[in-house]
Structure formats: structure tokens, C-alpha cells
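Have the view open as you read.

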Amino acid sequence: MHVPTDTSLSTLAREAGTRLLEAQRRLVTAESCTGGWIAKVCTDIAGSSEWFDCGFVCYSNAAKIRDLGVSEKLLESDGAVSDTVVRAMAEGAIARTAANVALAVSGIAGPGGAVPGKPIGTVWFALAYKQEDRLECQGHLIQFDGDRDAVRRQAVEYALNLLRALPPAL
């Protein structure tokens with residue numbers, strides 16, 4: 001099992017920031033299980049204000065509803081750790097900010113919280129970005145191994161890699 005270090009996460013964040021800056025894009029994060037860690041590694045970089053707009057830490061379902069506009073019915077039917085909810089989180093983050101790229105994450109880091117079909121280490125990601133006159137949104141499901149810290153570190157790494165692979169702005 002690969003568990004990223006603080007140094008490797010910092011390197012990835014710099015690369016993601018360079019990519020965003022070159023594409024003249026601004027990022028907003030909508031984080032649940034990572035608790036703001038993605039925003040932290042991004043804003044640790046001097047000059048990140050040129051490409052980082054803001055971050056939402058919406059750990060509870062109530063915060064997802066209140067701050068990001070996620071439907072209560074959606075949370076009840078699909079659960080917070082689902083494709084539909086992370087997509088709604090990302091879309092809600094873009095709608096509420098000046099950002100044109102949103103990264104949302106929700107998962108089960110452990111040690112508790114597992115439910116049937118969603119074991120510890122289950123993490124959903126959504127990457128939403130404005131492309132011309134439309135909003136593109138991709139969902140990604142990953143199953144990570146390890147303890148709580150390992151799952152969260154791997155989730156931050158995966159999220160930063162999604163940003164690094166972002167298609168160029170049109």
C-alpha cells in the first residue's frame with residue numbers, strides 16, 4: 001500500500017496549481033472526509049490565491065444541504081458517500097463562488113462508518129469544471145486501503161491528481 005507523504009502531497013499541489021494557473025482557472029473545494037486537507041495543501045503554496053478561490057468543509061449532511069445546496073432527498077436516497085451527492089457538492093460549490101473548477105470528496109475513512117456496500121476506504125470524488133457554456137462533471141469511485149490517516153492521505157493524493165489531469169480550458 002502506498003501512503004503519500006506531506007512532501008509528495010505538496011509537490012502534487014504545486015503541479016495542480018501550475019496547471020490551473022496556466023489554464024486561467026480558479027479552484028473551489030467541497031470536502032467531507034478529507035476535512036479541508038485538499039484546501040490546506042493548496043493554500044500552503046505561496047501565490048495560490050491566483051488560482052485557489054475557497055474551500056467548503058461540509059462534514060455533516062446538514063452542512064452539505066445548507067452550504068452547497070445538496071438536496072436532502074438525495075442524501076436520504078443515495079447517502080452522502082455516493083456519485084450523485086459528490087456531483088451535487090461540486091456543482092453547488094461552483095454555483096456559490098467565482099471558481100470555474102470544483103473538486104468534491106466524500107467517503108468513509110474509518111475506523112467506523114462502514115455500511116453494506118460501502119466499506120471503510122470507499123471514497124467518491126467529483127471534478128466539475130466550466131467548459132465554454134456548459135458545466136462538465138465527472139464522478140470517480142475509489143476503494144483505498146489502510147487506516148483513517150492512510151485513506152485520507154490517499155484521497156488527497158487522488159484529488160490532486162484529478163486536478164493535474166484536468167483538460168485544458170477552451
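A residue counts as buried when its relative accessible area is under 20%. By that cut-off, nine of the ten residues of β4 are buried, so this strand is mostly covered. Keep in mind that the model is predicted.

**The largest nonpolar core**
- This core has 32 residues, and Leu27 and Leu160 are the ones that touch the most other members.
- Two or more residues come from each of α1 (6–22), α2 (37–43), β3 (101–107), β4 (122–131) and α6 (148–164).
- The biggest contribution to this core is that of α6, with seven residues.
- In general, nonpolar side chains in soluble globular proteins tend to be buried together.

**Around Leu160**
- Leaving aside residues up to four places away in sequence, Leu160 touches Leu9, Leu12, Ala13, Ala16, Ile38, Val41 and Cys42.
- Apart from the core described above lies another one, of 25 residues, including Ala63, Ala93, Ile94 and Ala102.

**β4 and its partner strands**
- With β3, β4 pairs in the antiparallel sense over seven bridges.
- To place this pairing in your viewer, look for Gly107, whose bridge partner in β4 is Val123.
- β4 also pairs with β5 (residues 134–143), again in the antiparallel sense, over ten bridges.
- Here Lys130 stands opposite Leu135 of β5.
- β4 and β5 make a hairpin with two residues between them, and Glu132 in the turn has a positive phi of about 55°.

Notes: Residues are numbered from 1 along each chain as its sequence is written. This is a predicted model: local features need pLDDT of at least 70, side-chain atom pairs count only at pLDDT 80 or more; totals for chains, interfaces and linings use all residues. Side-chain values use heavy atoms; hydrogens and water are left out. A nonpolar core is a set of buried Ala, Val, Leu, Ile, Met, Phe, Trp, Tyr and Cys residues joined through side-chain atoms within 4.5 Å. Buried means under 20% relative accessible area, exposed over 50%, partly exposed in between (1.4 Å probe, protein chains only). Helices (H or I, at least four residues) and strands (E, at least two) are DSSP runs, numbered from the N terminus. Contact means heavy atoms within 4.5 Å. Two strands pair if DSSP finds at least two bridges between them.
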